[in-house]
Amino acid sequence: MEFIIGKFNYWIYIVLMMIGFYAMIAKSNLVKKLVGMNIFQTAIILFFISIGSKKGATIPIIQEGATGDAVNQAVNVARYINPLPHVLMLTAIVVMVSTFGVAMALIIMIFRKYKTLEEDEILEIMRSEENK
Amino acid sequence: MIGRFDNVIIQTISRLLIPPIQLFALYVIAHGHYSPGGGFQGGCILGASFILMVIAYDIKEAKRMMSEKVNTIFSSLGVIIYSGIGVVCLILSANYLDYGILNKIMPVTIAEARALGIFGVEVGVGITVMAVMVSIFLNLASGGEHEEAEE
Amino acid sequence: MTAQAPILIIIIPLIASFLNVIIGLWRKRLCYPLVIITLSLSVILSISILNTVITQGVIHYRLGGWEPPWGIEYVIDHLNAFILIIVSFISFTIAIYSKRNVEQEFPEKTVYFYTIYLLLVTGLLGITITGDVFNLYVFLEITSLAVYALIAIGRDKKAPLASFNYLIMGTIGACFYLLGVGYLYIVTGSLNMADLGRLLPDLYHSKVVLAAFAFFTVGVAIKMALFPLHVWLPDAYTYAPSTVSAFAASTMTKVGVYVMIRIMFTVFEPRFSIVMLPSTEILGWVASGAMIFGCILAIAQTDVKRMLSYILIAEVGYIVIGVSVANRAGFTGALLYILFDAFTMACLFMAAGAVMHKTGETSIHGFRHLHRRMPLTMAAFSIAALSAIGVPPFAGFFSKWYLVLGAIDAGKWIFAVLLLLSSLLVAVAFFRIIQNVYFPPYEILIAGSEIALPSARNDKITLMDEAPMSMLLPIVIMAAGILLLGFFSGRIISTIIQFTVPGGF
Amino acid sequence: MRFFALIAVIITGALLIYATVDMPNWGDPNSPANIHVSPRYIEKTIEETATPNAVTSVVADYRGYDTLGETTVIFTSGIICILLLRRRK
């Protein structure tokens, strides 16, 4: 029981990631694929953020030494969560936003050419054009 | 695809809202040293204020405030600021992005020079993010077929 | 200057790409010279880096002045420097080639095309040079985004969908890579490759490390189009503009292989990748599947670019087999193959692009009698084809020789046999084209509607009508490289490659 | 395709669950990730960069080069949207 509760975040992230992954591969609508991609990437963000957490800690804005009178006071590391995964995810979020933007641009291009976003319909149009 | 949609209430409220939003965005960028925030977050908010403009009025109106050319220049200006700060460090014979060396040209300690370097970088990130958010939004929303505002 | 060379090689193309946008608003014509100057600078810098590595050993460069596990570090050893030279040289040559192709295919978008092209080169160089696993991910994404866009602007109607499928697959690959980074981070707390290499041996029994290794391998395998995960490649490279397919085919898969080598032998020790896990065994079988499958499908194609794409899948198989046999000869062969195959693929795709530029089609039938119309292009194409097959005086032969030697050394005769068999299949695939170029079968000449105007057609064929100079020159450079590099392979091995072989081989 | 997708997802999920068994518990202050590299950022951020917000100092200074890459990524996507979609009438 301890085993399941203790890693609660990781179990949730696995479920989310599997949902997203499935949608990315199996759905035939292109926008649904993108939604799956977003879920997938969000799951990764959840995973990274979970790595950095410490029980009972707060955001990593250092209080000791920030106010003039308390300079040279030793910083209690356990009081602040790990900033590094947050930094990585800040970068990863931007990357994901960019990927999403590019993917939407591609979807608009596809829609201009085929007037549909269902993959099987697009493939059918392609096939009928080749046979002409 | 976004046509003009005249509604006095929406247009007035967004006129009122946009300046505080932009001010808040600047605060988020500038106060990133002491509170949650920073270039990307502030840039997004700043971009959102322009996007609100587009939604409340239309693309032409928003382009009168910021033409596509200016937007493109901004999007590369931000990254040039960022990489330029790094190049300044190179010229001052330190490694790339080593802001500590900036204390040679400014009367501050090394740690403060680093804080200033961080600030400059955040401003660069903010400018690029703002410009790119607007440009992505305009192109996606109109399918790339928006016209230049006539001057 | 040389002390800062590792960063300059990245930021010069990077800043040039930012400036390119602004300059492009002002004067469109200046973009092409800017790209050429930038990329020639990066060629010079990469040569100077290689020189430094050879004379002074491994270069460490601390970004921001922070010491490694805390900051980001560039580590350049012989392997990086070798790949850097390949990437920068190929990108330079293909930039020269791109001029007429871009003018023809999307004249109104030259500025943005060159911006993205520079970013693509920057991304590849950044992947190659870095010593930090997360930094590698960031540059991987720059590269991927740039390549999706460049594929999508191809003139074919199917290009955007091919690019979209690539985007989905590529994102899965990149996310798997990121998951691998996360799994290593959760057990070690570090992101630096050298630091990870130091910390990981104590943790090899951990299930997390095993999962991380699996995610890394699968993610990178998607990016380099290793056999069962190659599905995005043929469509994407067929419909892309010929400049882009030439560049992507010759460098992107190679950089993917480089990342795999880095992960398997620097982040993890060879002991883990080879002895504790049967990963090299699995990779070997997968790669031999790629060789046979790629070649057979290549024979079935009628479009030259699509055929070359399938050959490329087979070539990735060759390189991976060289790594998977895990001995000195095999590894040497793999690295030589990376070099020669980059030249070969660039030459083949550029020649196909030149034909497309002139005749507007890339089907095998379109190549009939081209030796009279485009003699130099076709000569270069034949040289590259012979090299890809592995005919003795050309470069490809030397690398294949080492690969077969490596397979035999490892006692894996079956791989050696499969290598030779697949070379035979490649030969069949290419001789279909070469035959069409030089000795077209008579019945094909009669078949079809073209018979109506025999005299007019003959006139058109006999007229010499070469590709423009800016296209021809890079093709000839590549062909000359293929002819000459083979003879220097001994030199290349003794000065560079022998130092890249990981310890324990 | 569906069947294949399901297989791939199940394999991935099984691998993930298998690996999770060995992970440190969630929120453990003594997990390797929290004690190897990151304490330096928390302890030294004020002394070395005069920035109390450790996330900002790591984003823009300790790992500033990643952020340059990140900004380049978003610049790339902006240019890509123009390249792919923009059509002047």
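The model is predicted, with local features requiring pLDDT of at least 70 and side-chain atom pairs counting only at pLDDT 80 or more, while totals for chains, interfaces and linings use all residues. Residues are numbered from 1 along each chain as its sequence is written, and chains are lettered from A, with ligands numbered from 1, in the order in which they are written.

**Chain A**

Select chain A and colour by secondary structure: there are five helices and zero strands, where helices (H or I, at least four residues) and strands (E, at least two) are DSSP runs numbered from the N terminus. The radius of gyration of chain A, taken over C-alpha atoms, is 23 Å, well over the 14 Å that the globule rule (2.2 Å times the number of residues to the power 0.38) gives for 132 residues, so chain A is more spread out than a compact globule. Along the principal axes, its C-alpha atoms fill a box of roughly 80 × 40 × 15 Å. Of the 132 residues in chain A, 44% count as buried, a residue being buried if 20 or more other C-beta atoms, placed from the backbone, lie within 10 Å of its own, exposed if 12 or fewer, and partly exposed in between.

**Chain A against chain D**

Next show chains A and D together; their contact takes 42 residues from chain A and 43 residues from chain D, with two residues in contact if their C-beta atoms, placed from the backbone, lie within 7 Å. On the chain A side, helix 2 (8-26), helix 3 (30-52) and helix 4 (83-114) each supply at least two residues, and the largest share, 15 residues, comes from helix 4 of chain A. By class, this side of chain A has 28 nonpolar, 11 polar and three charged residues, where Ala, Val, Leu, Ile, Met, Phe, Trp, Tyr, Cys and Pro count as nonpolar, Asp, Glu, Lys and Arg as charged, and the others, Gly among them, as polar.

**Chain A against chain C**

**Chain B**

Select chain B, which has five helices and zero strands, and whose C-alpha trace spans about 55 × 30 × 25 Å along its principal axes. Buried residues make up 47% of the 151 residues in chain B.

**Inside chain C**

Begin with strand 1 (residues 59-62) of chain C, which four bridges join to strand 2 of chain C in an antiparallel arrangement; C:Arg62 has C:Glu73 as its bridge partner in strand 2. Strand 2 (residues 73-76) of chain C is covered on both faces, with C:Glu73 and C:Val75 buried on one side and C:Tyr74 and C:Ile76 buried on the other.

Finish with helix 13 (residues 304-324) and helix 14 (residues 328-359) of chain C, which pack at an angle of about 170° with their axes 8 Å apart. The residues of this contact divide into 14 nonpolar, three polar and three charged; among them are C:Leu308 and C:Tyr318 in helix 13 of chain C, and C:Phe331 and C:Met345 in helix 14 of chain C.

Technical notes
Two strands pair if DSSP finds at least two bridges between them. Axes are lines fitted to C-alpha atoms, for helices over the stretch in contact, and angles run from 0 to 180 degrees between N-to-C directions.
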